Amino acid sequence: YNLVFKKVIDQLKSAGISHVMWTLDGSLRYIPLPAVWDGEHYLAETESFTVYSPLELDKLTKERSSNPKVAGFGATKGGIIGDRTFSPLPNVREEVHSVVNNPAKQANGVIDGVPWLDGDFTHDTLLTQLESSYYRIAHIASHFDLRGDFDKSALLTGDGKLLSLKEILGGADNLSDALKKKPWSHLDLVVLSACDTAEAMKRTQAAKDSTAGSEAESFASVVLSLGASSVMASLWSVSDESTALLMQRFYKNWVSGMAKEEALRQAQISMLKGEIKPSNGVAPDRGSMVVESGKAFAYDKARPFEHPFYWAPFLIYGNWR
């Protein structure tokens, strides 16, 4: 894959193309594009890009809103629900408060809005607020449990309950039915700061799908089907601390005037280069997750988040502005 991507990018550069949108299908959907290694550099170090989805085709030319408001949601406590165990997410509060600026809520972030944490983050609050045209950005930091269908795949809300993708879709059984309504069409960006939000529920079937640009049913595709212009989502189970730090830098970059895809890329580079470090100087354990980047790896305490596991899972889908 590394050599193929490098050849394609070199050809685009020679043609004077400045922005790339990848249209991926089948197993290509699950390649962490930022971590593609050409023998000298990661793709994130040299190129800006987003992933194309036909679900937001009509939103690709939409300009970013001026003075947007953000709705921030966070679940910090974890818990046990049936056969599912969710660990606490101690960095979520700081993450949400670094995004949302609302002094009355002790939130000193970079975008004006309202934070809903733990007990305030309920099923009804999430769906009601995201349908409000007052907001242009939604940031959701929690656990997402990926299962085999819309009924079983669910988001953990702050009050310790599960909100299924089917409920988010208003009871629809598939994306085709959901496309009839666009309740989130006012949203410029939805950030899914959780695990596996870009993974397809039925990955085996999705990998067999040979139709270019066809939709694998993931949390990200649900968000786009509801009308959002773009979504940031993850390809695997992410670290609580590194994700919070990456999000803080992303928003700081974005409000400075960068496009979304460039804001994310620069945040990833900052983490890769050691400009962003964990609070205790030691990167959280990667667990059983292995990311084969093509690069030989040795831990460097000066760059504790250098491994792609920490910075490469997140991609921007849709409008890059």
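Let me start with the contacts of Ala 312: leaving aside neighbours within four places in sequence, Ala 312 is in contact (heavy atoms within 4.5 Å) with Pro 32, Pro 34, Ala 35, Trp 236 and Gln 268. The model is a predicted one, in which local features need pLDDT of at least 70 and side-chain atom pairs count only at pLDDT 80 or more, while totals for chains, interfaces and linings use all residues. Residues are numbered from 1 along each chain as its sequence is written, and side-chain values use heavy atoms, with hydrogens and water left out.

Ala 312 sits in the loop between helix H11 (308-311) and strand S15 (314-318); helices (H or I, at least four residues) and strands (E, at least two) are DSSP runs numbered from the N terminus. With a relative accessible area of 0%, Ala 312 is buried, where buried means under 20% relative accessible area, exposed over 50% and partly exposed in between, with a 1.4 Å probe and protein chains only.

I turn now to helix H3, residues 92-99, which contains His 97. His 97 is buried, at 16% relative accessible area. A polar atom of its side chain lies 3.3 Å from the backbone oxygen of Gln 106. Not counting residues up to four places away in sequence, His 97 touches Gln 106 and also Lys 105, Ala 107, Asn 108, Gly 109, Pro 115 and Leu 117.

How do H3 and H9 cross? The axes of H3 and helix H9 (residues 240-255) come within 9 Å and cross at roughly 5 degrees. That makes H3 roughly parallel to H9, a term for angles under 35 degrees. Axes here are lines fitted to C-alpha atoms, for helices over the stretch in contact, and angles run from 0 to 180 degrees between N-to-C directions. Among the residues that meet are Glu 94 and Ser 98 in H3 and Thr 243 and Met 247 in H9.

Finally, the aromatic residues: the whole structure holds twelve aromatic pairs, meaning rings of Phe, Tyr and Trp (its six-membered ring) with centres within 6.5 Å. The rings of Phe 73 and Phe 121 have centres 5.4 Å apart and planes at 50 degrees, so this pair is tilted; planes under 30 degrees apart count as stacked, over 60 as edge-to-face and the rest as tilted. Phe 73 is buried at 0% relative accessibility, and Phe 121 is buried at 0% as well. Phe 73, Trp 116, Phe 121, Tyr 134 and Tyr 135 form one aromatic cluster.

Terms used
A polar contact is a pair of N or O atoms within 3.5 Å; within protein, one must be able to donate a hydrogen and the other to accept it, and residues adjacent in sequence count only if both atoms are side-chain atoms. Angles under 35 degrees count as roughly parallel, over 145 as roughly antiparallel, 65 to 115 as roughly perpendicular and the rest as oblique.
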